[in-house]
Amino acid sequence: MNRGSRIIGYGTALPERVITNHDLAQTLDTSDTWITERTGIKERRIGGTTRALGIEAAQSALDMAGVEAKDLDAVILATTTPDRVIPATASSIQLALGARCGAFDLNAACSGFVYGLNVGHGLILAGAEKVLLIGSETLSRFVDWEDRSTAVLFGDGAGAVVLSATSAEDNALLGWALDCKGALEKSLYCDFGGFIHMDGREVFRQAVRIMVATCEHALQEARLSIEDVDLVIPHQANTRIIQSACDKLGVSEDRTVQVLSWTGNTSSASIPLALADAASNGRLAGGDIALLVGFGAGMTSGSALLRWDL
C-alpha cells in the first residue's frame, strides 16, 4: 500500500491558574531553589478538565490544518486522567467537536502521545484519511499537595495534532519504537481513589536507560544516526533526566526542547506541548528531523522519528 502520514496542524491548551515554586513553599518544606535544581521546574498550570483542555487544543489543531471535525476518521485521546471511568473521555471530545468517527482513549502514561502517533499512523496506512491525536491531562486531581516528592512535579495541559494521509514518498514517520517494562510498574502508580506514588530515585535511574534504548532502537529502524537528528523533543519530566539521556546519546542542549520550566510534567500532553513550542518559535524548519521520545509509568517508553514539513 503506497501510503504514509504527516502532521498538518497542531494546537495547545493550558489552564490560566499558575502555581509557582514560591507558592508551594508556603505549605511544603521546600523552596524555589530546591525544586529548580532537582527538576528544572519553576511553575505549573493547574485547572480545567481533560475534556475541556482536549477540546481547546484539538480545535486549534483542526483550525491550523484547515480540517473540519466531520471529516475526521478517528479521534485518539492519550491520557492517564480521563474525566470518568466510563465512557472514554474521547467520546465527549468527539461530540463537542462535531466529529462523526471512532473515538477512544489510550493510556500509556507519559509515552501516550508517541503511542498514539504510531496508532494514528497505522490507521492511516489501513485507509483513514484524517486522524486527530490529542494528549490531555489533569494530573493535579491525583496529586497529594502535602507530598513534596510529587506536588512539585505535575501540571495540567493539552496538545493535539492532525495527521493526514500522504504518499509513501512523503511519509513523515521515518522510524519508531514502543516498549513496556511491566516489572517496574510499582515505581510510579496511582490506584483508584488515591494519589500518585513515585519512587523518584528508581524512576530517574530507569528513565535515563529506557530513554536512550528507545531512541537507539528507532534510529536503527530508520537507518539514521543521532547526527541526522536536528531536534530532540523529549517527555518533559525532569531536566536532569533529559540532560543525562541526551549526554549518553551525544546530543547537545541546543538540540533539545524543554518547556517543563513553565508547564511542569504534563504526562501525555508534554511532548505535543514541546513540539508546538518548537514549531511556533522557528526551531523546526521544513525537512528537519525531530526525535520524539517518551517514558513513563508502566514503565512504558516510545520514540518516533519525524520529518517535519509543516
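**Close-up views of a predicted model**

View 1. Because its relative accessibility is 18%, under the 20% limit, T166 counts as buried. When neighbours within four places in sequence are left aside, the contacts of T166 are N2, R3, G4, S5, R6 and N171.

View 2. Five strands form an open sheet with mixed pairing, in the order 1-7-6-4-5. Its edges are strand 1 (4–13) and strand 5 (102–106), each of which pairs on one side only. On average, and with direction ignored, neighbouring strands of this sheet are turned by 20 degrees against each other. Within the sheet, strand 4 (residues 74–78) and strand 6 (residues 130–138) run parallel and are joined by five bridges. A74 has V131 of strand 6 as its bridge partner.

**View 3. Helices placed against the sheet.** Helix 4 (residues 89–97) lies across strand 4, strand 5 and strand 6. With strand 5, helix 4 makes an angle of about 140 degrees. Helix 10 (residues 270–280) also packs on the sheet, where it touches strand 1 and strand 7 (156–166). The direction of helix 10 is at about 95 degrees to that of strand 1.

**View 4. The largest cavity.** Two cavities of 30 Å³ or more are found in a search of the whole structure, and the largest has a volume of about 50 Å³. The lining of this largest cavity consists of S5, R6, I7, L117, H121, L163, A172, L173 and L306. At least two lining residues come from each of strand 1 and helix 5 (112–125); strand 1 gives the largest share, three residues. By class, six residues of the lining are nonpolar, two are polar and one is charged.

**View 5. The second largest cavity.** The second largest cavity has a volume of about 40 Å³. Its lining is made up of I7, A172, L306, R307, W308, D309 and L310.

**View 6. Strand 11 and its pairing with strand 12.** Strand 11 (residues 231–234) is covered on both faces. L231 and I233 on one side, and V232 and P234 on the other, are all buried. Strand 11 runs parallel to strand 12 (residues 289–296), and four bridges join the two. The bridge partner of L231 in strand 12 is A290.

**View 7. The largest pocket.** The largest pocket holds about 870 Å³ of space. Of the 30 residues in its lining, T80, T81, N107, Y189 and C190 lie nearest its centre. Strand 5 and strand 9 (188–189) each contribute at least two residues to this lining. The lining of the largest pocket comprises 15 nonpolar, nine polar and six charged residues.

**View 8. The second largest pocket.** The volume of the second largest pocket is about 530 Å³. This pocket is lined by 25 residues, and S149, L153, M198, G200 and N238 are the closest to its centre. Two or more lining residues come from each of helix 2 (32–39), helix 6 (148–151), helix 7 (200–222), helix 8 (239–249) and strand 12. Helix 7 supplies the largest share of the lining, four residues. The lining of the second largest pocket divides into 14 nonpolar, seven polar and four charged residues.

Definitions and conventions:
Residues numbered from 1 in each chain as written. Predicted model: local features only at pLDDT ≥ 70, side-chain atom pairs only at ≥ 80, totals over all residues. Heavy atoms only, no water. Pairing = 2+ DSSP bridges. Axes fitted to C-alpha atoms, helices over the stretch in contact; angles between N-to-C directions. Contact = heavy atoms within 4.5 Å. Buried < 20%, exposed > 50% of the residue type's maximum accessible area, 1.4 Å probe, protein only. 1 Å grid on protein atoms, 1.4 Å probe; cavity = no way out; pocket = protein on both sides within 12 Å on 5 of 7 lines; lining within 4 Å. Points joined across faces, edges and corners; volume = space filled by probe spheres on them. Nonpolar A, V, L, I, M, F, W, Y, C, P; charged D, E, K, R; others polar.
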